[in-house]
Amino acid sequence: MMRNSRQAYGLVAIVLHWLIALLIIGQLVFGTLMVRLADQRLAFELIQWHKSFGLLTLALVVIRLAWRLAGPLPSYPPTLPGWEVRSARIMHRLLYGLMLALPLSGWALVSVSVLAIPTLAFYLVLVPNLPLGVSEGAEDFWSAAHRLLGYAMMVLVSVHVAASLRHEFWLGNGLLWRMLAPRRSRFREDPSRNFAEGRSVDAAQAQRRRTR
Amino acid sequence: MMARLTGIGLLLALPAVAAVSLGDAAGRYVINESGSTIAFAIPKAGGGALTGTFGRFRGTIQINGQNIANSRVDITIFPESLRTGESRTDAFLKSDAVFDTAHEKEIHFRSNAVKRTGDSTAVVSGPLTARGRTGNESFNVELKDLAKGAISFRVTGKVLRSRYGMDVGTPIYSNTVDFDMTLAARRG
């Protein structure tokens, strides 16, 4: 129930997945809007919350990565073509890399900024800067890096969501469903049925979808 | 805020001077902008402070030789002249988040009480007006020099930003602003 198995994601992995997903999407929206606000006071406060949630995201990603490495991963459906399995693995590694790099680049940006604004996470915890040299050049570099990594994250999240929806609603193999409920993710050999226990997909309909 | 500090400094200096040579100190003085500095520091979480100065201000000091308590200081500071050494910080402090210099052109201090605290020190109090809000503030003043119609004071004090709607960034930046001013004035 809590841990992953070869057939299903455990509750911990599922909760971490959706919590981090919510944080990342919120941070992308926050980050895009806060630098375009005319109200400087609101912009300053949003940036401080952006820093706080970014550090929280980084901490959760590290926990999630450790959790993933410590236990098994559910298998891919045997009906999935090899190229899709390889693509999924590459996509997941890229996502993990970005989930680490994006908040780290933000932390680096804060650390090298000549504005030297302290990071008081959630207005409670003073977070030290990374040991990097403060300069306008370094600030420009990390600002550009953080922005570009943010755009890359938007692309990867969009592809990830689109792929999940395709598997769920086009191929009907229940890959999305098994990230929703730990007990509903038992793998089915029958490709006409999804992985979700209790859910059934009409075999003929699924076959039609695959042959379109 | 800087302006009010300056005014306070002058008032305080007057009582102190009076103790040494009140007859010589009595009269009206005009603050000399080029010989004065109005500096501020806002402590930051984790240490250090955001520091800056106001470059433009004006004011007068009226020293009552018969009764120092009746002396007056009137100072106006122009927040558009603030400098921190970092243009983005300047722009932020001048924005509607803090001083709103597009709409609020002046900060004003007018003393209404002077209390001598030593041979060369005093406390000057009075209303400070910034961004349309008025609060009563007090500043410590020390007479540093008095010679040939010129007088100078060191003025220090603490002002709460929140009283004037400028509390953005607390507690990352302290709500308390520390002022440290040198005010030079000439009889005139």
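Is E106(B) buried, exposed or partly exposed? At 37% relative accessibility, E106(B) counts as partly exposed; buried means under 20% relative accessible area, exposed over 50%, and partly exposed in between (1.4 Å probe, protein chains only).

The model is predicted, so local features need pLDDT of at least 70 and side-chain atom pairs count only at pLDDT 80 or more, while totals for chains, interfaces and linings use all residues. Residues are numbered from 1 along each chain as its sequence is written, chains are lettered from A and ligands numbered from 1 in the order in which they are written, and side-chain values use heavy atoms, with hydrogens and water left out.

Start with chain A. Chain A has five helices and two strands, where helices (H or I, at least four residues) and strands (E, at least two) are DSSP runs numbered from the N terminus. Along the sequence these elements follow the pattern α-α-α-β-β-α-α. Chain A has 212 residues, and 40% of them count as buried. One of the residues to look at is T119(A), in strand β1 (residues 119-121) of chain A. T119(A) is buried, with a relative accessible area of 6%. Apart from neighbours within four places in sequence, T119(A) is in contact with K51(A), L55(A), V110(A), V125(A), L126(A) and V127(A); contact means heavy atoms within 4.5 Å.

Chain B is built from two helices and twelve strands. Of the 188 residues in chain B, 51% are buried. In chain B, E106(B) forms a salt bridge with R58(B), with the closest N and O atoms 3.8 Å apart. A salt bridge is a side-chain nitrogen of Lys or Arg within 4 Å of a carboxyl oxygen of Asp or Glu. Side chains of opposite charge can pair when their charged atoms come close. This pair links distant parts of the chain, since E106(B) lies in the loop between α2 (87-94) and β7 (107-110) and R58(B) lies in strand β4 (residues 57-63), 48 residues apart. R58(B) is partly exposed, at 47% relative accessibility. Another salt bridge in chain B joins E86(B) and R88(B), with the closest N and O atoms 3.3 Å apart. Here E86(B) is buried, with a relative accessible area of 12%, whereas R88(B) is partly exposed at 38%.

Now turn to the place where the chains meet. The contact takes 17 residues from chain A and 18 residues from chain B. About 1,400 Å² is buried between the chains, and carbon and sulfur atoms give 65% of that area; buried area is the accessible area (1.4 Å probe) that two parts lose on being put together, summed over both. Two salt bridges are found across the interface. In one salt bridge, the side chains of R41(A) and D167(B) meet at 2.9 Å, N to O. On the side of chain A that touches chain B, α2 (40-70) and α4 (136-170) each supply at least two residues. The largest share, five residues, comes from α2(A).

R41(A) also meets E45(A) in a salt bridge, at 3.6 Å, N to O. E45(A) and R41(A) are four residues apart in helix α2 of chain A, so they are separated by about one helical turn. Both are partly exposed: E45(A) has a relative accessible area of 26%, and R41(A) is at 26% relative accessibility.
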